[in-house]
Amino acid sequence: MDQEEGLSAVDNIVTQFNTYEDFLDSQITTVDLYYLEDEGLARQLVELGYRGTGEVVKREDFEARKAAIEIARLAERTQKKTLTSAGKDLQDDFLKALAVREEDNRNGKVSLNQQEADAARTLKKQLASVIFIRDKNSHGQEISGYIDYAHRLKTEDFEVYFNGKKRLLPRSTDLSFYNWDSQVAVWNSTPNYQVIADHLEGLLFKYKRDRKILNVDPKAQPGDNSTRIPIQTDLYIQAIIFDHISRRKT
């Protein structure tokens with residue numbers, strides 16, 4: 001039996017029995033108990049491989065795999081809980097677009113189908129979405145700005161946006177913010193993007209991981225490994241999502 005088959009066999013045993021003692025007991029026959037007259041001794045003989053009706057599994061292997069499976073289970077449950085879009089009945093296309101991208105932006109990964117995964121075994125892919133929103137604030141002033149989606153997800157609870165209690169709007173702490181009435185303009189680099197505000201081509205964002213440039217000018221191409229996706233929405237005057245996928249060899 002090779003290593004992979006061995007791990008599979010242990011996993012099957014670990015998921016079937018709650019404790020190592022339960023596994024040992026399953027290997028003891030009534031004949032064993034009749035002759036040995038000692039359940040503890042019978043367990044020891046099974047553990048040593050001298051008795052038993054199935055696979056020999058060491059206690060440390062059983063307990064290690066049990067712990068690993070439990071950690072993976074808890075991690076998966078925690079991940080499901082952290083997706084604030086999960087279970088929401090989203091009607092607007094903008095919120096649906098955010099929901100589709102939430103997990104990848106939270107984890108810094110890109111969901112791949114099997115063919116893509118096979119082709120990218122030596123390549124780390126990371127999604128970093130930038131959201132452009134133009135609308136009016138609570139004072140009736142027109143504002144616009146670019147939002148680092150991954151950064152906002154880490155610094156803010158998006159539950160209020162996905163359940164419709166609040167609207168996501170650009171802030172003066174985002175990548176860029178502009179108040180069209182007061183003509184106040186603000187730029188801020190984030191952990192993911194460096195703002196280049198004084199370039200001849202206009203406002204640019206440099207993704208720090210691969211140093212690729214994201215060009216948000218609607219008349220220009222967005223840049224390498226980047227896409228510009230206008231979103232039809234009833235929530236805002238205008239909404240656009242820029243998806244940048246970083247590719248780096250491992």
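Predicted model: local features only at pLDDT ≥ 70, side-chain atom pairs only at ≥ 80, totals over all residues.
**Exercise 1.** Characterise the contact between Arg-106 and Glu-102, and classify both residues by accessibility.

*Solution.* Step 1: the two side chains form a salt bridge, with an N to O distance of 2.9 Å. Step 2: Arg-106 and Glu-102 both belong to helix α6 (residues 93-107) and are four residues apart, so about one helical turn separates them. Step 3: buried means under 20% relative accessible area. Glu-102, at 0%, is therefore buried, whereas Arg-106, at 22%, is partly exposed.

**Exercise 2.** Which residues are joined with Arg-152 and Glu-156 into one network of salt bridges?

*Solution.* Step 1: the side chains of Arg-152 and Glu-156 meet in a salt bridge of 2.6 Å, N to O. Step 2: both of these residues are buried. Step 3: through salt bridges with shared partners, Arg-171 and Asp-174 join Arg-152 and Glu-156 in one network.

**Exercise 3.** Describe the largest pocket and its lining.

*Solution.* Step 1: the volume of the largest pocket is about 300 Å³. Step 2: its lining comprises 18 residues, and those nearest the centre are Phe-132, Ser-144, Tyr-146, Tyr-178 and Trp-180. Step 3: two or more lining residues come from each of the strands β1 (123-136), β2 (142-148), β3 (176-179), β4 (184-187) and β9 (238-249). Step 4: sorted by class, the lining contains twelve nonpolar, four polar and two charged residues.

Terms used: Residues numbered from 1 in each chain as written. Heavy atoms only, no water. 1 Å grid on protein atoms, 1.4 Å probe; cavity = no way out; pocket = protein on both sides within 12 Å on 5 of 7 lines; lining within 4 Å. Points joined across faces, edges and corners; volume = space filled by probe spheres on them. Nonpolar A, V, L, I, M, F, W, Y, C, P; charged D, E, K, R; others polar. Salt bridge = Lys/Arg side-chain N within 4 Å of Asp/Glu carboxyl O. Buried < 20%, exposed > 50% of the residue type's maximum accessible area, 1.4 Å probe, protein only.
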